[in-house]
Amino acid sequence: MSLLEVRGLTVRFGKVAAVTDVDLDLAAGTVTGLIGPNGAGKTTVIDALTGFAPVASGRIVLDGRAVERLPAHTRARLGLGRTFQSLELFEDLTVGENLLVAAEAAGGGAEWAADGGGLGGAAELLPAQLSNAQRRLVALTRAVAGRPTVLLLDEPAAGLDPAGRLALGGRLRRLADDGAAVLLVDHDLDLVLDVCDSVTVLDRGKVIAAGPPATLRADPAVRAAYFGAGSEATAPSVPRPTGTPALEVHGLTAGYGGTEVVHDVAFTVGRGEMVALLGLNGAGKTTTVLATAGALPRAAASQVRIAGTPVPRGRADLAAQRGLACVPQERSLFTQLSVAENLRLAVAGGRQAVTAETARAVERFPALADLLGRRAGLLSGGEQRMVAVARALARHPRVLLVDEMSLGLGPQVVDDLGRALRAVVADEGTGVLLVEQHLNVALGLASWAYVMDRGRIVEEGPSADIAADPRRQSL
């Protein structure tokens with residue numbers, strides 16, 4: 001019996017169709033996987049099902065009742081629960097209080113939440129005092145405390161170690177065995193294919209495959225969605241630049257809340273070189289970027305050098321002064337300022353310099369010409385990404401770190417961003433570290449690549465060699 005039936009789900013943001021004609025059936029007692037590369041529309045599906053994104057067309061039927069026009073809180077009270085990629089914990093409440101909010105809303109007792117819902121001594125701690133794994137467990141436990149009949153999980157395994165992933169898989173199966181219908185969105189394919197009864201694969205907002213996990217491992221469409229199978233568009237093999245690198249990182253160890261996420265990571269980015277940092281979600285790519293940029297504390301033995309000059313620990317300001325710019329996943333724009341004002345903040349100099357850099361940004365990204373006066377917070381995801389990259393390039397950095405460039409973007413925007421990065425590498429000698437989940441994008445731009453797995457660099461080499469590795473062509 002399907003507790004949640006979805007037919008023809010379509011979501012549009014402006015003229016862009018983020019999700020098109022998606023069908024899903026979530027049955028009681030089952031775990032269903034929803035997978036796909038970054039930007040495929042997975043989170044948008046969860047947002048639409050739970051009332052956080054508008055439904056352009058389609059039907060969402062929860063336990064026999066159409067809910068696509070109901071507000072989010074009503075859907076939650078009818079039994080539709082979820083977690084968020086960003087966790088969305090109440091940071092000023094203790095763990096027990098976070099759980100009590102959900103338990104009381106569902107008619108549960110305070111006693112259940114008081115012990116942390118099985119989190120032991122963490123009940124009296126604030127979320128900021130927990131490790132990433134503990135925070136994710138709190139988010140999942142809070143969702144379960146609402147007693148949903150249908151539970152939608154968005155990247156619950158991100159950043160978990162092998163033991164955490166194993167424990168999560170067991171808990172999901174127990175939830176299903178207790179009669180819930182579970183939808184699992186995660187980039188840990190081993191977890192999804194091991195735990196789920198069936199899997200639906202999205203690419204660019206559309207379903208490209210669905211069925212039992214065993215039949216999807218060798219599906220050419222699935223391989224193409226993840227790894228660009230069949231694509232020959234890899235950057236040409238060229239010798240790595242000699243001389244002092246634009247960026248040197250040695251022995252990088254960093255994490256969150258006292259828990260190490262990356263261990264003894266070392267890599268270099270040459271001047272006038274684009275390097276890719278690859279790996280599935282949870283491998284440690286973003287942690288590496290943030291620690292390199294100085295936004296996360298790193299272990300004492302870690303060394304970061306920009307153009308040969310060391311950057312002290314915890315000094316993001318010095319890293320920026322010495323020529324490092326970073327475009328994080330969340331874009332970090334000033335949403336209340338216009339596009340032009342966001343660009344202006346990055347420019348050193350007077351009005352003439354601002355005018356010149358604004359013109360250069362429009363030359364790189366012609367779509368920005370009509371957006372300069374608009375508030376950044378009102379732009380689409382692709383438009384915000386263009387502004388974030390344009391703002392970073394306006395600083396003329398020696399080193400540019402770009403985290404998940406293609407995240408949530410359409411092909412044309414990805415192409416525009418790629419051309420802009422190639423230009424600054426070739427024309428200005430900028431060293432670019434490109435963090436990417438989508439291999440065919442990364443390997444088409446970068447000439448050298450590092451591969452991360454669970455916090456460590458496990459492979460490196462020319463992009464053409466990485467692309468030809470049989471392990472990249474299978475799930």
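Which helix gives the most to the lining of the largest cavity? Helix 5 does, with three residues. The views below show a predicted model, in which local features need pLDDT of at least 70, side-chain atom pairs count only at pLDDT 80 or more, and totals for chains, interfaces and linings use all residues. Residues are numbered from 1 along each chain as its sequence is written, and side-chain values use heavy atoms, with hydrogens and water left out.

**View 1. The largest cavity, lined in part by helix 5 and strand 7.** A cavity is a set of points on a 1 Å grid, over the protein atoms alone, where a 1.4 Å probe fits but cannot get out. Lining residues have an atom within 4 Å of a point. Grid points are joined across faces, edges and corners, and a volume is the space filled by probe spheres set on the points. Helices (H or I, at least four residues) and strands (E, at least two) are DSSP runs, numbered from the N terminus. The largest cavity holds about 50 Å³ of space. Its lining consists of T83, F84, L87, R136, A139, L140, L153, D154 and P156. By class, six of these are nonpolar, one is polar and two are charged. Here Ala, Val, Leu, Ile, Met, Phe, Trp, Tyr, Cys and Pro count as nonpolar, Asp, Glu, Lys and Arg as charged, and the others, Gly among them, as polar.

**View 2. The second largest cavity, with helix 10 in its lining.** The structure holds two cavities of 30 Å³ or more. Helix 10 (residues 285–293) gives the most to its lining, with three residues. Among the lining residues are A291, T292, A293, R313 and R315. The class count is six nonpolar, three polar and three charged.

**View 3. The second largest pocket, about 740 Å³ of space.** A pocket is an open set of grid points with protein on both sides within 12 Å along at least five of seven lines. Of the 27 residues lining this one, A76, L80, G81, R82 and A102 are the closest to its centre. At least two lining residues come from each of helix 2 (72–77), strand 6 (80–82), helix 3 (95–105) and helix 5 (132–145). The lining has 15 nonpolar, seven polar and five charged residues.

**View 4. The six-stranded open sheet, order 6-7-8-3-9-10.** Its pairing is mixed. Two strands pair if DSSP finds at least two bridges between them. Strand 6 and strand 10 (206–211) stand at the edges with a single partner each, so one side of each has no neighbour in the sheet. From one strand to the next, the twist averages 20°. Strand 6 runs parallel to strand 7 (residues 150–154), joined by three bridges. G81 has L151 as its bridge partner in strand 7. Helix 1 (residues 42–50) packs on this sheet, touching strand 3 (30–35), strand 6, strand 7, strand 8 (181–185) and strand 9 (198–203). Contact means heavy atoms within 4.5 Å. The direction of helix 1 makes about 145° with that of strand 7. Axes are lines fitted to C-alpha atoms, for helices over the stretch in contact, and angles run from 0 to 180 degrees between N-to-C directions.

**View 5. The four-stranded open sheet, order 2-1-4-5.** Pairing here is antiparallel. The edge strands, strand 2 and strand 5 (65–66), each pair on one side only. Helix 1 packs on this sheet too, touching strand 1, strand 2 and strand 4. Its direction makes about 110° with that of strand 1. Five bridges join strand 1 to strand 4, and V6 has I60 as its bridge partner in strand 4. Strand 4 and strand 5 share two bridges. V61 is partnered by A66 in strand 5.

**View 6. The hairpin of strand 1 and strand 2.** Strand 1 (residues 2–13) and strand 2 (residues 16–27) pair in the antiparallel sense over eight bridges. V11 has V19 as its bridge partner in strand 2. Two residues lie between the strands, and G14 takes a positive phi near 65°.

**View 7. The aromatic pair of F52 and F84.** Rings of Phe, Tyr and Trp (its six-membered ring) pair if their centres lie within 6.5 Å; planes under 30 degrees apart count as stacked, over 60 as edge-to-face and the rest as tilted. The count comes to two aromatic pairs. F52 and F84 are edge-to-face, 5.5 Å centre to centre, with 90° between the planes. F52 lies in the loop between helix 1 and strand 4 (57–62), and F84 in the loop between strand 6 and helix 3, so the pair ties together parts 32 residues apart in sequence.
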